[in-house]
Amino acid sequence: MPHVRLVNVTKRFGTVTAVDNLNFTIEKGECFSMLGPSGCGKTTTLRMVAGFENMDDGEVYVGDRLLSSPAKNFYLPPEKRDFGMVFQAFAVWPHLSVYENVAFPLRIRKVNSAELHKRVTDALTATNLLDSASASPDDLSGGGKQRVALARALAINPDVMLLDEPLSSLDPHLREEMRFEIKALQRRYGFCIIYVTHDQSEAMALSDRILVMRGGVAQQIDSPLNIYANPANRFVFSFIGLSNFLEVHKANNAYRLAGGDCLPEGLAPPPALAGHERLSLASRPAEIEFSDAPNVLRGQVARKAYLGETIDYLVKLGEQSLRVQKARHSPGPEQGTNCGLLLLRPTWYA
Amino acid sequence: MATIYLKNVSRRYGQRSVLDGLTLTVNHGECFTLLGPSGCGKTVLLRLIAGFEQPTAGSIRIGDALVADASAHVPPDRRDLGVVFQEYAVWPHMSVFDNVGYPLKLAKTPKEERADRVMETIALVNLHSLEKRLPSELSGGQQQRVALARALVGKPSLMLLDEPLSNLDANLREEMRFEIKELQRKLNITVMYVTHDQEIALAISDRIAVMDTQGRIRQIGSPEDIFEKPVDSFVFSFMGVANFLQVRREGNEFFVGKGGQRAPWDRPHGDSLAWVAAFRPSDVVIRRDGNGLKGRVKRASFLGPVMDYLVEIDGAHLRTTVDTHTAVANNLMFDDDQPCVVGVREVHWFDADTIQSAGEAWA
Amino acid sequence: MSAPVRKKFFVGTAGIILFLSIAVLVVFVAFPVVLILFNAFWTKGAFNLVDVAAVLREPDTYQALLNSVFIAGGTTIGSTIIGTFFAWLVTRTDLPYKNFMKGMFLVPFMLPSFIGALAWKMLLSPRAGYINRLFMDYFGFDGPVFNIYSYYGIMAVEVMYLFPFVFIQVCGALERMDPTLEESARISGAGLFTITRRITIPLVLPSILSGALLIMLYSMAHFGTVAVLGIENGIFNIPTLIYERIHQSAGSFAAIRTGTVLATVLVVSAAFIIWLQGKVLGKGRYQIIAGKSFRPMELKLRGLRYPLLILCLAYIGFTIVLPTVVIFMVGGLKTYGLPFTMENLSLDNYKFILFDYKTTKDAIWNSVSLGLSAAVITMFAGVMISYVIVKMKVRGKGILEFLGMLPFSVPGSVIALGVILAWSGKFGVNLYNTVWIILVAYIARYMAFSLKANSAALEQVHDSLIEAARACGASMWQSLRDIVLPLVRPGMFAAFFLIFLPSLRELTVSIMLYAPTTRTIGVAIYTLNEDGETVMSAALAGIALVIIITGQTLITGLTGASVKAK
């Protein structure tokens, strides 16, 4: 039985549909990410689950408990949903000590003082904050504040944890470290996570499954590896890492690069797309090899830049161009010379 | 000719010394980058050359002219240079055309010629047909192009760029760094570029000076020199993800971490007992089995295009990445706690006592 | 490339501006204040604290000190409660017509409080007040319902005009506050009332306190309301006592001494309050500014929605509409005290004071010309001084920063007294009894407004904008002309109106400096009222209100348009 269920959830702001008929389920203990560019509706969806945003249609369940349903005229306010939630801007209360911040949800629930102390201490220990218990959150670094927010969310031992871009206010080093801490906390407490982010590597590293959104519409729900290896459409492809798209036209039963040569033999779209006149050939800069073989794309190196770990090439193919990235030890052609290119994983979109 | 000569330049603010006796020559027509952590004095150095600050000691010459020493100071408006700032600094009350045309107006260039040159420069930075816009109607990237055009329009022989890309998003930053390099080549001007971002420095520079937090220059050289032959651990760790693998000497033998595996590399020169073998993630070859140091994958993270591994070898740690397609094709998709074998192409030896890690370098 | 230029030149131009700035502040502000301190503590060629204590122990002065503290205390408490409550109501609840209400609660900002006091006198003076009469004549009350000539009357009127200081501070804090601070309390299980009590109010407490201190400062040094309502029953505070002494004794030594001692008390308490406010804001202000912006949660008032709306409307009607209407009605009466019937009301008074009555015609002319001159001079001086403080790196700036703080902590009556000491011929220039002395005092009084508006505008102009011009080949003067001045124009504009409009209704300073031919609008209204010409006084007050409201509307329109144009 899935734990969290969103059924046909829709949200409009005026004439704009921010979230369009969204359906997904999350298992107990799963880490589920909503990934997309800003304005794609991921945060709005999270806020509807939390209860901060009304929905126009659809239903949200946790277990068999209904949380929102405009059709049944039912809405449970956020304070009754028993979620843990962490916000981007930390949202720790500067007028309360770290201890009191974490104790707040328990005091609201009138937990007796022995139990309260035990659970606050437990949450502070889990987040490495025990030494700062009596400090003011303002005296902590960004990472410290976000730990307080995590501890506060943990205090009631929720079985659903909502995380709204919790790491994007932190510097890169800390971001990576906190990612692993969140994962460790999840393993220890067993809650399921709904995680909102625009950072694909963060989503990939943390999640069991990822929902990629664009313009309020779900594009793909899949495991991280599948999202990367088999992107459902051109948008998902371009959102995950660097990408190249070559425009390809079909004329007289032959495929030709727009403003360039015919495609070499063996490089053709799958039968399912054979009917289309115009196609995009997608590839990733790291998944292209320089090759002297006869049946490969031919181009000229317009730019070769040494970037330390990688060497970055811009290769002209007629009027179009491709980025190629190679590790610094691999040999490659010089700027201005001609070269052959082998796409290791050509991917076609209509 | 815009060769810059800095001789024993010092700058102090009250008790605090930011630059102390710095000597440096920037050649005509090169793209020279000052690279260092924030607070290292690189921006102060640029502002000294521009004339916004005065050195407390030493002298600065640009070409044949002495522009600053203990007793003289040529104000910035008479140094014939272009400056681009991190905050764009385009004037919000003037159109793109007027912004770019302002230096020519001050120089009393005739109106017709002025219009021609402004339009030419606007085209050069790819802003065609936006000349009537106000800066508030432009994106951040476009505003920075206006600033570039304004700095270029007077045909200065020297351009000073102070972190011009750090307010832009990652994609735009990547695009514009190549454009700046193109412009510099095309116009054959001297560029002095200040940044804390080692990737930009590597991408655009003919030479890089790496500065430390005390305002000292640690190394000057081409991007390849700096990256492949760092003079010390500070430079090494500043230039990218750095692995510092602990190696201990027992008699004449060198062992990795706390265990009994021998370090399979050329030996370091020196008597120290504690050493660090430094290398990049790209120097690491990770396999399931075969020859090499035996360890285990402590943590495997799938990051999309790459797999990121934290590997433990007898208590010592290293990071490496494998392209996802390579990992899938070669059975290198490790899970947490699986054993692995690691080879390292080349290492730099540093005495463990002198090590400066990336964290300290950034602090 | 040109030959090296000596450093001296570079310092020289900056030096001139710095010198001019310091000179302006010293001549107009510091010198008069120093004279007051000198006169208070220096008698017969020696430092003398005993006399100061003696002056303060005189029953009249002692009582005035107590009154100032008592009235300011009451006003502060009342204003803080009302201001915070209304601010919370318009930012955190689903009260209907919130934006309209918010605008209305700010109206008292532009109304002169002494005109309000005048209106309340007409409504609630013990025997003649219209409300009191209504109750006595029709409902059979034996005596007045409320006597406005009392401590509580004075406090009530001051609260009506001062509460917006807290209101606007708290509104600002509540609007800027990161909504996730409250949302995280909600997801923790707290209901909206608990959140308000345990999260929201504590977080905006520094803003509340800072607004309260501002009111304290204003009320301590406030002249108009106490002058209009207090003197009848012998209630004096510090500013009215200073006025009383100087006015009655025509510049006798003893009066000046009492005045300077009282003025010193005002300056010291003002400085203390400003220091305290700085501490509250500096240390206590939490980092609560929003990152992502969502609309904050609104408390559903449910059944209380309309009762609270009616409360707000009643408050606005009672404190803003009623007094304004009364002023215009009384201004139309033939004689004060007549009932408001059609045959008693006419526009004759208005015609008379606008076209025939020399005293009021002079007063209007004086106020307009003084206001314009003061606004223009102060605006330009303010730009210059702010430029040095905000943008320039020169030695000696510290002195200027200190001097720049001074205008903020010198109340009007202190300035007036200082100006009398400085410009009555003792130092070679005698401006006493001319309009120039009022102009000098206005410049000192409004310098603070100009500095505030202009430094805010200059802080928006990033250093790199100016440096970019220098790098383009602009000299310092060229960069000022082409870049800085165009960019701070909105700030100068704001400064101009911030000075011009209040100066039209100025009373505290002018009342101490006027001569028979140099009355200002405020002085004319006040003296007409004192002389029993209540209807003329009301009519002139009505005209002043029309001018002020028209001016304010014009600016709002203009600045609104210029914001849109950007």
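Reader: Over residues 364–556 of chain C, how far apart are the end C-alpha atoms?

Author: Over residues 364–556 of chain C, the chain is 78% helix and 0% strand, where helices (H or I, at least four residues) and strands (E, at least two) are DSSP runs numbered from the N terminus. This is a predicted model, in which local features need pLDDT of at least 70 and side-chain atom pairs count only at pLDDT 80 or more, while totals for chains, interfaces and linings use all residues. Residues are numbered from 1 along each chain as its sequence is written, with chains lettered from A and ligands numbered from 1 in the order in which they are written. The end C-alpha atoms of the stretch are separated by 23 Å.

Reader: In chain A, how many residues of strand S9 are buried?

Author: A residue is buried if 20 or more other C-beta atoms, placed from the backbone, lie within 10 Å of its own, exposed if 12 or fewer, and partly exposed in between. Both faces of S9(A) are covered, with Cys192(A), Ile194(A) and Val196(A) on one side and Ile193(A), Tyr195(A) and Thr197(A) on the other. Of the residues 192–197 that form S9(A), the number buried is six of six.

Reader: Which residue in S9(A) is the bridge partner of Leu162(A)?

Author: Two strands pair if DSSP finds at least two bridges between them. S3(A), residues 31–35, pairs with S9(A) in the parallel sense over five bridges, and in that strand Leu35(A) has Thr197(A) as its partner. S8(A), residues 160–164, also pairs with S9(A) in the parallel sense over five bridges. Here the bridge partner of Leu162(A) is Ile194(A).

Reader: What is the handedness of the β-α-β unit made by S8(A), helix H5 and S9(A)?

Author: A crossover is right-handed if, with the strands pointing away from the viewer, the path from the first strand over the helix to the second runs clockwise. With H5(A) covering residues 172–189, the unit of S8(A), H5(A) and S9(A) is right-handed.

Reader: Which helix supplies the largest share of the side of domain 1 of chain B that touches domain 2 of chain B?

Author: An automatic or database domain assignment gives chain B domain 1 (4–235) and domain 2 (236–362). Nine residues of domain 1 of chain B are in contact with 13 residues of domain 2 of chain B, contact meaning C-beta atoms, placed from the backbone, within 7 Å. On the domain 1 side, H7(B), residues 223–228, and H8(B), residues 233–238, each supply at least two residues. The largest share, three residues, comes from H8(B).

Conventions: Contact = placed C-beta atoms within 7 Å.
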